Amino acid sequence: MKNVVMLQHLDHFAIGQILESGQVFRFERVSESSYLLIAKQRLIKIMQQPHSSSVLIHNTTISEVDDLWSQYFDLDTNYHNIATVLSHKDEHMKKAVAFGQGIRLLRQDPWEMLISFIISQNKAIPHIKACIKNLTQQFGFPINEADGEGNYYFTFPTPKELGRATEEELRACKVGFRAPYIMDACQKVLNGEILLNDLYFLSIEEARKKLMMIKGVGPKVADCILLFAYSKMELFPTDVWIKRVIEGLYFGGKTIPIKEIQKFAEDYFGDLRGYAQQYLFYYARENALFKPVK
DNA sequence: GCACAGGGCCAAT
DNA sequence: ATTGGCCCTGTG
């Protein structure tokens with residue numbers, strides 16, 4: 001890891017909150033102020049002291065920051081305005097936004113998000129991370145740079161690479177009943193039935209419908225893909241955490257159907273509901289809010 | 001040690 | 001429209 005780039009005067013950028021808010025799975029926490037991240041076929045180390053507006057990125061260059069990381073970290077979006085609007089909704093949102101101060105919505109790779117969120121269903125985040133790591137080690141290729149301690153990391157396998165896997169090989173990566181789902185995704189992408197690059201230009205409803213043609217992709221998984229890869233900020237993926245935190249904060253703990261929760265989010269958060277979802281997810285999960293008591 | 005739930009979805013009723 | 005089952009694993 002040789003080249004180091006320093007970014008200064010970053011507004012609303014906290015690497016810990018960004019990576020730990022459940023939108024990305026290919027990272028490792030090295031210390032409180034240091035993370036390894038695998039993205040864009042690269043391995044970088046990001047260092048940021050808590051509450052600092054400066055960030056050090058190891059193993060990259062200025063031109064890569066301009067060409068890759070600026071877009072990946074959504075540096076052109078003004079999060080000050082977003083955070084201000086959401087904070088003024090009510091006291092709950094004020095707390096959630098303050099807690100998640102520095103969160104940004106990453107612009108990630110559609111294929112990686114597709115497979116990652118197929119795997120995510122009915123799994124806990126550490127387990128999701130482990131499965132994805134297994135897949136990359138089995139079917140990706142080594143990134144030409146170690147982490148400084150001799151550990152090697154792997155690219156996310158392409159549709160072609162992953163498409164060569166048998167169901168047994170996939171199950172050996174601990175993905176369980178999702179193995180046929182992954183195979184179906186590979187097949188539909190490889191045979192051109194799903195053109196991931198075209199989804200950028202479709203309406204949300206059309207893109208959603210396309211993604212849900214893949215086995216194992218339902219409404220929640222499709223919304224995560226569209227939010228985290230295609231930057232459809234007017235989506236509000238509603239998982240168990242979001243469902244419980246919305247019910248807890250806005251419906252007195254009453255059980256509410258997911259459809260109604262989505263409608264509430266649309267009316268209440270408007271076009272900012274993708275951001276609201278991210279703050280609320282991080283807030284609820286980190287603080288274990290509204291977990292059913294045993 | 002065992003029951004349970006985890007960034008849900010499918011298939012059968 | 002509703003519901004049981006699901007691979008696997010960390011947590012209680």
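The model is predicted, so local features need pLDDT of at least 70 and side-chain atom pairs count only at pLDDT 80 or more, while totals for chains, interfaces and linings use all residues. Residues are numbered from 1 along each chain as its sequence is written, chains are lettered from A and ligands numbered from 1 in the order in which they are written, and side-chain values use heavy atoms, with hydrogens and water left out.

**DNA strand B**

- Around DNA strand B there are 29 residues, and the closest are Gly 22, Ala 124, Ile 125, Arg 244 and Gln 277; a residue counts as near a strand if one of its heavy atoms lies within 4 Å of it.
- Sugar or phosphate supplies 59% of the atoms of DNA strand B within 4 Å of the protein, and bases supply the rest.
- A backbone N or O atom of Pro 237 sits 3.4 Å from a base nitrogen of DNA strand B.
- Helix 6 (125-139), helix 11 (219-228), helix 12 (240-250) and helix 14 (273-286) each give two or more residues to this surface; helices are DSSP runs (H or I, at least four residues), numbered from the N terminus.
- Helix 11 gives the most, with four residues.
- By class, the surface has 13 nonpolar, eleven polar and five charged residues; Ala, Val, Leu, Ile, Met, Phe, Trp, Tyr, Cys and Pro count as nonpolar, Asp, Glu, Lys and Arg as charged, and the others, Gly among them, as polar.

**DNA strand C**

- The residues around DNA strand C are Asn 122, His 127, Arg 171, Lys 174, Val 175, Gly 176, Phe 177 and Arg 178.
- Of the atoms of DNA strand C that come within 4 Å of the protein, 64% belong to sugar and phosphate.
- Bases are reached by side chains here: a polar atom of Asn 122 lies 2.8 Å from a base nitrogen, and one of Arg 178 lies 2.8 Å from a base oxygen.
- Phe 177 places a backbone N or O atom 3.3 Å from a sugar or linking oxygen of DNA strand C.
- This surface has two nonpolar, three polar and three charged residues.

**Helix 5 and helix 9**

- Helix 5 (residues 110-120) and helix 9 (residues 179-190) pack at an angle of about 160°, with their axes 10 Å apart; axes are lines fitted to C-alpha atoms over the stretch in contact, and angles run from 0 to 180 degrees between N-to-C directions.
- The two helices are therefore roughly antiparallel (angles over 145 degrees).

Definitions and conventions:
Polar contact = N/O pair within 3.5 Å; in protein donor to acceptor, adjacent residues only side chain to side chain. Parallel < 35°, antiparallel > 145°, perpendicular 65-115°, else oblique.
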